[in-house]
Amino acid sequence: MLQSSGYEALGVDPKAPDDEHYRRVAFEQAELVQDVDAVVASTSLHHVADPAEVLDRIATTLAGGGTLVVVEWAWEEFDEATADWCFQRLGPDEEAGWLHRRRDEWVASGQPWSVYLRDWTQRERLHAADTLVRLLDERFERKHLGQAAYFFPDLAQTSAEDELAAIEAGEIRATRVDYVGGLRQRNRLEGDDLVGPERPVGELFER
Ligand SMILES: C[S@@+](CC[C@H](N)C(=O)[O-])C[C@H]1O[C@@H](n2cnc3c(N)ncnc32)[C@H](O)[C@@H]1O
């Protein structure tokens with residue numbers, strides 16, 4: 001998408017397409033280009049083994065005035081009402097995706113949703129969005145922190161507007177987190193002193 005919009009861009013993902021514009025490798029092992037104008041991390045940081053290491057690497061590849069754009073998923077906000085809302089909007093089982101798998105595993109587990117979610121995220125070693133925002137704030141100057149609709153691309157006949165309306169009405173939680181930052185002037189150790197105590201991501205936004 002970035003390439004077709006005229007940007008010189010390189011995608012890094014072990015599951016990337018076999019294409020000259022991608023590197024099929026973990027970001028931690030990728031040979032980095034120096035002084036890039038922007039890094040986009042789209043729903044990948046919660047999967048990496050050590051997000052602090054990845055963010056440090058991002059900081060070394062960005063140019064001085066460069067921008068980091070992060071799209072994240074606050075799974076810790078994925079409560080039962082939100083899960084029910086999603087599961088009622090799933091498409092046919094023949095087109096099963098990750099939300100179908102969550103529904104089927106949850107039903108098979110016989111556990112309350114919160115227990116299933118905790119066990120699944122522990123098994124997958126997913127990082128919570130509040131942890132990621134804290135690590136980001138330690139290394140980058142925050143320019144934007146926002147919430148948005150997340151599930152709609154994986155739901156049948158559901159638009160971003162539908163999901164946002166349900167969030168606005170208090171029926172479901174917002175789980176997408178958008179973060180934009182630039183490099184801090186100070187180094188990381190000095191920056192640590194500037195960061196407040198960790199807060200759940202839900203508390204970072206007004207409900
Ligand atoms: C939820 S998918 C998001 C895919 C894509 N970035 C998008 O926004 O549609 C998470 C992706 O993170 C990738 N990923 C996990 N660990 C990674 C790492 N260490 N370096 C690069 N990508 C990683 C996975 O291979 C997977 O493709």
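This is a conversation about how some descriptions of a predicted model are reached.

Colleague: Why does the radius of gyration of the protein chain agree with that of a compact globule?

Modeller: A compact globule with 207 residues would have a radius of gyration near 17 Å, and the protein chain has 18 Å, so the value agrees with the rule. Along its principal axes, the C-alpha trace spans about 50 × 45 × 30 Å.

Colleague: What makes S3 and S5 the edges of the sheet?

Modeller: The open sheet holds 4 strands in the order S3-S4-S6-S5, with mixed pairing. Strand S3 (36–42) and strand S5 (140–148) each have a single partner strand, so one side of each is left without a neighbour in the sheet. From one strand to the next, the twist averages 10 degrees.

Colleague: How do you know that S5 and S6 pair?

Modeller: Two strands count as paired if DSSP finds at least two bridges between them, and 8 bridges join S5 to strand S6 (residues 176–183), the two running antiparallel; by that cut-off they are therefore a pair. For His 144, the bridge partner in S6 is Val 180.

Colleague: What makes a residue part of the shell around the ligand, and how is that shell divided by class?

Modeller: A residue belongs if its C-beta atom, placed from the backbone, lies within 6 Å of the molecule, and the residues that surround the ligand include Asp 13, Lys 15, Phe 27, Glu 28 and His 47. By class, the shell has 5 nonpolar, 4 polar and 3 charged residues.

Note on methods: Residues are numbered from 1 along each chain as its sequence is written. This is a predicted model: local features need pLDDT of at least 70, side-chain atom pairs count only at pLDDT 80 or more; totals for chains, interfaces and linings use all residues. Ala, Val, Leu, Ile, Met, Phe, Trp, Tyr, Cys and Pro count as nonpolar, Asp, Glu, Lys and Arg as charged, and the others, Gly among them, as polar. Axes are lines fitted to C-alpha atoms, for helices over the stretch in contact, and angles run from 0 to 180 degrees between N-to-C directions. The radius of gyration is taken over C-alpha atoms; the globule rule is 2.2 Å times the number of residues to the power 0.38.
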